[in-house]
Amino acid sequence: MTIRIPRTIFEPLDKNIHNRADFDCGVLVLNQFLQTKASKEMKQNLNMTYVLTTDEEKTLKPILGYYTLSASSLILSSVPSQLTKHVPPNYPLPTTRLGRLARDKNYPGTGKILLKDALIRITNASNSIGIYGIEVDAKDNAAQLFYKNFGFLSLIDNQYSLFLPLKTVLQAFN
């Protein structure tokens, strides 16, 4: 008898195959987004939601965590000047917004796995479109510390809005 242990995989959210109802990260607004808004926003092309799940062939697969990505831009004056030395004045910086990132509280340690997958997707997209960096809005002090541990820097006008230059990500991956 062979016992098959499921592998974890990333895939776009699909309400027909992913169990959104059982996801609980401990933050009501992030749970509600996944359960009621994520699929709608994907249909409107407002963002893409990627879930960390298993390769099990069940009717509804568990969601261990998720994140969203969308195109965005920042005004040059909001980014620390040492990060924009060679950018033309008043140029909007093309960014990718990491809109939400949450892990189910039953799967500790998956936050960095979610972030790494998001950064890989962004890096791959940068081969086709201009992306100067990644922006994220931290929900609280714990989230801010999480992102700062990976090199994100606070923007000038809001300490909870963070930025990571794409070149920093590329250097880390090389």
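Visitor: What makes the contact of Glu11 with Lys61 a salt bridge?

Guide: The closest N and O atoms of Glu11 and Lys61 are 2.8 Å apart. A salt bridge is a side-chain nitrogen of Lys or Arg within 4 Å of a carboxyl oxygen of Asp or Glu, so this pair qualifies. The partners come from distant parts of the chain, 50 residues apart: Glu11 sits in strand E1, and Lys61 in the loop between E2 and E3. Helices (H or I, at least four residues) and strands (E, at least two) are DSSP runs, numbered from the N terminus.

Visitor: Which model are we looking at, and how are its residues numbered?

Guide: This is a predicted model, in which local features need pLDDT of at least 70 and side-chain atom pairs count only at pLDDT 80 or more, while totals for chains, interfaces and linings use all residues. Residues are numbered from 1 along each chain as its sequence is written, and side-chain values use heavy atoms, with hydrogens and water left out.

Visitor: Why is Lys61 called buried?

Guide: Buried means under 20% relative accessible area, exposed over 50%, and partly exposed in between (1.4 Å probe, protein chains only). Lys61 has 8%, so it counts as buried.

Visitor: Are Asp55 and Arg7 buried or exposed?

Guide: Asp55 has a relative accessible area of 16%, so it is buried. Arg7 reaches 54%, so it counts as exposed.

Visitor: How do you know that Lys105 and Asp24 tie together separate parts?

Guide: Their closest N and O atoms are 3.1 Å apart, which makes a salt bridge. Lys105 lies in the loop between strand E4 (93-103) and helix H2 (111-125), and Asp24 in the loop between E1 and H1, so the pair ties parts that are 81 residues apart in sequence. Asp24 is partly exposed, at 27%. Elsewhere, shared partners join the salt bridges of Arg97, Glu135 and Asp137 into one network.

Visitor: Why is the pair of Tyr147 and Phe152 called edge-to-face?

Guide: The structure holds eight aromatic pairs. For Tyr147 and Phe152, the ring centres are 5.3 Å apart and the planes stand at 70°. Rings of Phe, Tyr and Trp (its six-membered ring) pair if their centres lie within 6.5 Å; planes under 30 degrees apart count as stacked, over 60 as edge-to-face and the rest as tilted. The pair therefore passes both tests and is edge-to-face. Both residues are buried, Tyr147 with 5% and Phe152 with 1%. Ring pairs also link these two with Phe146 and Phe150 into a cluster.

Visitor: What forms the positive surface patch?

Guide: Lys15, Lys37, Lys40 and Lys43 form the patch. Its members have over 30% relative accessible area and no salt bridge, with like charges joined within 9 Å (and nonpolar side chains, Val, Leu, Ile, Met, Phe, Trp and Tyr, within 5 Å). Lys37, in helix H1 (residues 28-43), is partly exposed at 45%, so its area meets that rule.

Conventions: Accessible areas come from the Shrake-Rupley method with a 1.4 Å probe; for residues, only the protein chains shown count as cover. Lys and Arg count as positive and Asp and Glu as negative; His and the chain ends are not counted. The place of a charge is taken as NZ of Lys, CZ of Arg, CG of Asp or CD of Glu.
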